[in-house]
Amino acid sequence: MSRIGKLPITLPNNTQVTIGDNNVVVVKGPKGELSTTVDKDMIIKQDENAIIVERPTEQKRHKAMHGLYRSLINNMVVGVSEGYKEQLELVGVGYKATVQGNTLELSLGYSHNIFMSLPQEVTATAVTEKGKNPIVTLESNDKQLIGQVAAKIRSLRKVEPYKGKGIRFVGEVIRRKAGKTASK
C-alpha cells in the first residue's frame, strides 16, 4: 500500500472541493481556484472534511498513480488555502532585481539586462537592503507553476562552486570547491 496515497487529505474550513465528471477535481479557496484531471481508474471519495484517493487494483500502474494524485490534490488544497512562496537570493557584485507589474528585470553581470515576463498567477517582489544580497520573492497558489518559474530564474545564472556567485534559493547550501594552489 502506498504510504502517501492512503493518507486522507484534510480540508480546511474555507476550502471547497467538487469532483465532477471524468474525475475532474476542482478546489476553491480564499487564494483562488485550481483544477486537475485525475486518471479515470482512480477512485476519489469525499467525506465531510476529507478526501480519500483509492486505487482499484494492485497493478504497478495503479500503485504509481495512487500517491501521485493524492499529492497533486493535497498541493491544490494547500495552495488555495495558504499559498506557496519561493525566495531567490542574487549573490554577486552588481546583481540587481526590480519588478514592474508582472515583468521581472534582472541585472546579472551580462552585457544587457534580462526582462522576464511572469505568468498572471505568480506575483513577485524584489527587496534590496544595503549590505545584503537582493532577494526576489515569488508567491502563487500553484506549486508546480511557482517551482517552474523559480527554476527558470535560477537557470539564468547558476551558482558557480568557486566563489558562490549566482542565483540560489534562500537557505540552499552550495558545495564549494577549493581554487588553485600556488606552486613554488
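Modeller: Happy to! The C-alpha centres of domain 1 and domain 2 lie 32 Å apart. Please keep in mind that this is a predicted model. According to the domain assignment, domain 1 covers residues 4-82 and domain 2 covers residues 84-169.

Let's begin where the two meet. On the domain 1 side, eight residues are in contact with four residues of domain 2. Between them, the two domains bury about 460 Å², and 47% of that area is on carbon and sulfur atoms. Within domain 1, the residues that lose the most area to domain 2 are Leu34, Asn75 and Gly79, which together make up 68% of what that side buries.

You will find leucine 11 in the loop that links β1 (9-10) with β2 (16-19). Is leucine 11 buried or exposed? Its relative accessible area is 11%, and buried means under 20%, so leucine 11 counts as buried. Leaving aside residues up to four places away in sequence, leucine 11 touches Val17, Gln46, Asn49, Ala50, Ile51 and Val77. One of these, alanine 50, is 39 residues away from leucine 11 along the chain, yet their C-alpha atoms are separated by 5.5 Å.

Our second stop is aspartate 39, which sits in another loop, between β4 (32-37) and β5 (43-46). Aspartate 39 has a relative accessible area of 17%, which also falls under the 20% limit, so this residue is buried as well. The side chain of aspartate 39 reaches the backbone nitrogen of aspartate 41 at a distance of 3.0 Å. Further along the chain in either direction, beyond four places in sequence, aspartate 39 touches Asn23, Arg61, Met65 and Tyr69.

Three strands form an open sheet in the order β8-β9-β10, with antiparallel pairing. Its edge strands are β8 (96-100) and β10 (114-117), each of which pairs on one side only. Ignoring direction, neighbouring strands of this sheet are turned by 20 degrees against each other on average. What holds such strands together? Strands of a sheet pair through backbone hydrogen bonds, either parallel or antiparallel. Here, β8 and β9 (residues 103-107) run antiparallel and are joined by five bridges. For one example to look for on screen, threonine 98 has glutamate 105 in β9 as its bridge partner.

Terms used. Residues numbered from 1 in each chain as written. Predicted model: local features only at pLDDT ≥ 70, side-chain atom pairs only at ≥ 80, totals over all residues. Heavy atoms only, no water. Helix = DSSP H or I, 4+ residues; strand = E, 2+ residues; numbered from the N terminus. Buried < 20%, exposed > 50% of the residue type's maximum accessible area, 1.4 Å probe, protein only. Polar contact = N/O pair within 3.5 Å; in protein donor to acceptor, adjacent residues only side chain to side chain. Contact = heavy atoms within 4.5 Å. Pairing = 2+ DSSP bridges. Axes fitted to C-alpha atoms, helices over the stretch in contact; angles between N-to-C directions. Domains from an automatic or database assignment. Buried area = accessible area lost by both parts, 1.4 Å probe.
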